[in-house]
Amino acid sequence: MNQATIDRSAAWTRLAEHAEEMRRRHLRELFTDASRGEVFTRQAAGLTLDLSKQRWNGQTLELLLSLAREAGVPEGIRALLSGEHVNVSEDRPALHTALRLPPEASLVVDGEDVVPGVHETLDRMATMVERFHTRQWRGATGRPIHDVVNLGVGGSDLGPLMVTHALADCRPRDAHHVDVHFASTMDGSQLVDYLARFNPETTLFVISSKSFTTIDTLSNARTARDWLLARLVEDGIQGVDEEMVMRQHFIGVSAKPDKMSEWGIAESNQLLFWEWVGGRYSLWGGIGLPIALVIGMAHFRDLLAGAHAMDRHFEQAALGDNLPVLLALAGIWNVNFLDIRAHSILPYDGRLEYFAAYLEQLEMESNGKSATHDGHQVSYSTCPVLWGQLGPNAQHAFYQLLHQGTQPVVCDFIAPLRRYDDVEDAATRDHLKAQHRLTLANCFAQSRLLMLGDDAIDEPGERPGHKRYRGNQPTTTLLLDRLTPATLGALIALYEHKVFVQATIWGINSFDQWGVELGKQIAGETERILAEHRGHEAMDASTRALIEAVWRMEKE
Ligand code: F6P
């Protein structure tokens with residue numbers, strides 16, 4: 001099937017006809033079938049995916065599976081996992097799955113087995129992590145490093161930030177003296193706070209950038225380097241020189257060793273990864289160093305193993321039992337056939353605070369596209385607008401819109417079944433378990449209310465308009481047995497593969513991001529104009545006035 005014409009395929013046409021009927025049906029009606037919960041629930045890799053509250057039925061799913069076959073999803077999965085050049089615009093594979101292959105595996109890509117290199121990097125990471133945890137990694141004055149600041153943005157920030165936060169309670173005892181922090185914003189607002197508080201003698205910066213050209217990261221890195229040099233070298237601490245500062249206070253993670261060396265990162269402090277790992281898919285290797293520093297290398301390997309279990313499931317399960325495929329098809333159904341173009345991610349676990357932000361990049365930078373592989377413009381919708389927040393907090397913020405607004409929105413509810421078993425103090429454990437039960441009750445109540453609307457409670461009499469709930473908002477519930485490195489790895493891999501399946505159906509390339517390039521170029525030109533105080537004459541009236549406001553301020 002030519003992807004640009006997927007909306008002219010037989011399966012698409014049948015789905016469009018079927019949607020006419022399904023649009024008229026309310027979810028509460030679909031739930032008259034008592035087996036529905038079971039029929040639309042699947043499990044794999046420690047995750048339970050309940051898709052029964054989607055506005056679909058058995059026939060919908062059959063038709064969607066035909067669409068997936070017609071669009072070449074099985075072939076696409078094979079191509080992705082075997083290292084074919086699925087990133088067509090950049091003519092390379094997208095092999096994040098290779099980063100979680102076990103050491104005994106082999107994957108020959110473009111004539112080379114990539115697995116030994118992957119494990120060599122993991123072993124180098126392990127050595128680094130051990131040096132921090134055993135207090136052997138010392139700053140230029142001989143004191144052990146206490147604060148590690150990751151300087152990166154996008155995929156070089158969001159994945160490590162999300163996972164370190166989610167798994168902080170797995171921190172092994174020997175990691176307790178190392179604190180990991182993140183600075184991503186180009187304006188320096190996070191960094192300035194760290195520089196005010198941290199001791200330069202015990203602070204190390206990890207510069208994480210696949211390209212090692214990202215201005216946001218390099219600006220933060222330059223400020224950090226000058227801060228260290230000013231405090232440790234220019235202030236004249238005896239015996240400390242620039243070379244020592246660079247060697248003992250900076251690590252670089254990138255696919256560009258030359259650029260790292262040019263910047264001054266010692267070769268022994270460079271962790272490399274490959275062009276075939278996309279930035280937003282890169283937390284599984286060197287970019288994951290901050291994660292490994294917090295949770296330890298053993299847990300980091302569990303994270304990889306969990307993701308690998310999901311990869312195997314993705315590869316082997318039949319389409320109708322395949323969690324990423326099913327999650328993707330629910331999305332296609334909502335976007336393309338029910339016209340639901342807003343998608344909210346709602347974890348019911350404070351540890352997943354950054355999960356929505358992580359998925360915003362994963363999904364929207366991957367699939368927020370309108371050109372197919374062969375350059376045609378699509379004539380159907382692709383990635384929905386995706387946003388989210390911790391569910392319990394969002395209940396006090398934007399759930400009003402979900403329940404009574406005018407927008408149809410699909411929501412993913414995510415929660416661990418078990419929590420707090422290992423809290424030592426019995427009374428505290430009981431309180432915390434009760435809080436967890438309360439949280440689950442809220443999670444389940446919200447998705448039920450979104451589904452049933454007014455029918456969720458049995459109350460006699462007519463309600464006034466402002467107290468009505470129309471319901472019929474589709475939701476997915478994802479339960480993790482517990483939130484562990486392995487289940488988190490599986491959860492992330494589930495969404496990565498979902499994104500790929502959707503892209504395969506839409507005929508777009510998930511693995512490039514040309515849409516962000518022009519903005520960078522224009523920002524560079526604007527910066528030059530701001531600095532040189534000239535050259536804005538040909539610009540639009542609004543931008544000219546904004547630039548002049550800066551110039552006026554600079555003259556004051
Ligand atoms: O500008 C977008 C982007 O390229 C993302 O895709 C990427 O994750 C981020 O910038 C950071 O890129 P790098 O790791 O090369 O600094």
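This is a predicted model: local features need pLDDT of at least 70, side-chain atom pairs count only at pLDDT 80 or more; totals for chains, interfaces and linings use all residues.
A residue is buried if 20 or more other C-beta atoms lie within 10 Å of its own, exposed if 12 or fewer, and partly exposed in between, with C-beta atoms placed from the backbone. Strands (E, at least two residues) and helices (H or I, at least four) are DSSP runs, numbered from the N terminus.

Residues are numbered from 1 along each chain as its sequence is written.

**Exercise 1.** Find how many residues of strand β5 are buried, then work out its neighbours.

*Solution.* Start with residues 147-151: four of these five are buried, so by the cut-off above β5 is mostly covered. Next, look for pairing, which needs at least two DSSP bridges between two strands. β5 runs parallel to β6, with five bridges joining them. Five bridges also join β5 to β7 (residues 203-208), again in parallel. Finally, zoom in on L151: A183 stands opposite it in β6, while its bridge partner in β7 is I207.

**Exercise 2.** Is R171 buried or partly exposed, and what does it touch?

*Solution.* First locate R171 in the loop between α7 (158-166) and β6 (179-183). Then count: 17 other C-beta atoms lie within 10 Å, so R171 is partly exposed. Last, list contacts (C-beta atoms within 7 Å, placed from the backbone): leaving out residues up to four places away in sequence, R171 touches H176, V294 and I295.

Conventions: Two residues are in contact if their C-beta atoms, placed from the backbone, lie within 7 Å.
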